[in-house]
Amino acid sequence: MQQHWYTGPLASFDTETTGVDVETDRIVSAALVVQLTPGAPARTATWLADPGVPIPEGARAIHGISDERVRTHGRPARTVVAELARALAEQARAGRPVVVMNAPYDLTLLDRELRRHRTVSLTEALGPQELLVLDPRVLDKHVDRYRKGRRTLTDLCAHYGVELAGAHDATADATASLELVRAIGSRYPAALGGLSVAELHLRQAVWHAAQARGLQNWFDRSGTPERVDVSWPLRPARCGCGRRLSPEHSCEVAA
């Protein structure tokens, strides 16, 4: 019998942070969960980082991590972000897909942290093997496009019957995201089961772009000034002038 990707080995990555701005906010904690088959015991690695900046009250109210805790028990952000990149690179080398709920948030924030502390991008830190990502938010929107209601991790877990114990804890969220992806694949085998993870990775980029354009159109019609980035699973870094960074781009702001 052919094994589908959602019954095979999966990893899952999640972060808790100082805020929601991927360009300026910092990683406070992170978790990587690895499970070889559905229902099997999972291996979990966790990190606690001292972000080097105060944790805003709003963020503390969500994840419960205080300045005192990260100063006492956390390690320097420079060390933690390098270890996170190595852990993800290990998954890439193993060919193991990594579940990341709302991937452009967590992966972009990690990319900016690496640039800030290590002067390398996430792509450079990962090495030659591509990180194959599964994003339950993108997958769910694709298979059930017209369902009304929010699609946060809590909402999706409730919809698919996945337990989420202790939301806004990196380990709990990563574990639930992994189970959620298995549940989505199992519920929609005709739409998703016949694709390889590499094919799914490419298609999610297309699906996310279409979903983002649809949201942008809605914002435009409602007069909302918010802009939606179509990039997935990583938003490109931008120069201070607003253009995407590339080897060919240079300007006085970048210098």
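In which handedness of crossing does H3 pass H4? The structure considered here is a predicted model, in which local features need pLDDT of at least 70 and side-chain atom pairs count only at pLDDT 80 or more, while totals for chains, interfaces and linings use all residues. Residues are numbered from 1 along each chain as its sequence is written, and side-chain values use heavy atoms, with hydrogens and water left out.

To take the opening question, H3 passes H4 in a left-handed crossing; a crossing has this hand if the near helix is turned anticlockwise from the far one by less than a right angle, and is right-handed if clockwise. Helices (H or I, at least four residues) and strands (E, at least two) are DSSP runs, numbered from the N terminus. The contact, meaning heavy atoms within 4.5 Å, involves Ala77, Arg78, Thr79, Val81, Ala82, Leu84, Ala85 and Leu88 on the H3 side. From H4 come Leu107, Leu110, Glu113, Leu114, His117 and Arg118. By class, the contact of H3 with H4 has nine nonpolar, two polar and three charged residues. Here Ala, Val, Leu, Ile, Met, Phe, Trp, Tyr, Cys and Pro count as nonpolar, Asp, Glu, Lys and Arg as charged, and the others, Gly among them, as polar. Helix H3 covers residues 77-94 and helix H4 residues 103-118; the two pack at an angle of about 130°, with their axes 9 Å apart. Axes are lines fitted to C-alpha atoms, for helices over the stretch in contact, and angles run from 0 to 180 degrees between N-to-C directions.

In the pair, Pro136, Leu139, Asp140 and Val143 of H6 meet Ser177, Leu180, Val181 and Ile184 of H8.

Turning to the strands, six of them form an open sheet with mixed pairing, in the order S4-S3-S2-S1-S5-S6. Strands S4 (75-76) and S6 (133-134) stand at the edges with a single partner strand each, so one side of each is left without a neighbour in the sheet. Two strands pair if DSSP finds at least two bridges between them. S1 and S2 pair in the antiparallel sense over eight bridges, with Leu10 opposite Gln35 in S2. Strand S1 (residues 10-17) runs parallel to strand S5 (residues 98-99), and two bridges join them. In S5, Val98 is the bridge partner of Ala11 and Val99 that of Ser12.

Eight of the eight residues of S1 are buried, that is, under 20% relative accessible area, where exposed is over 50% and partly exposed in between (1.4 Å probe, protein chains only). Leu10, Ser12, Asp14 and Glu16 point one way from S1, and Ala11, Phe13, Thr15 and Thr17 the other way. H8 lies across S1, S2 (27-35), S3 (43-50), S5 and S6, running at about 140° to S1.

Gln91, found in helix H3, counts as buried at 2% relative accessibility. Leaving aside its neighbours within four places in sequence, Gln91 is in contact with Ala11, Leu32, Val34, Arg96 and Val98.
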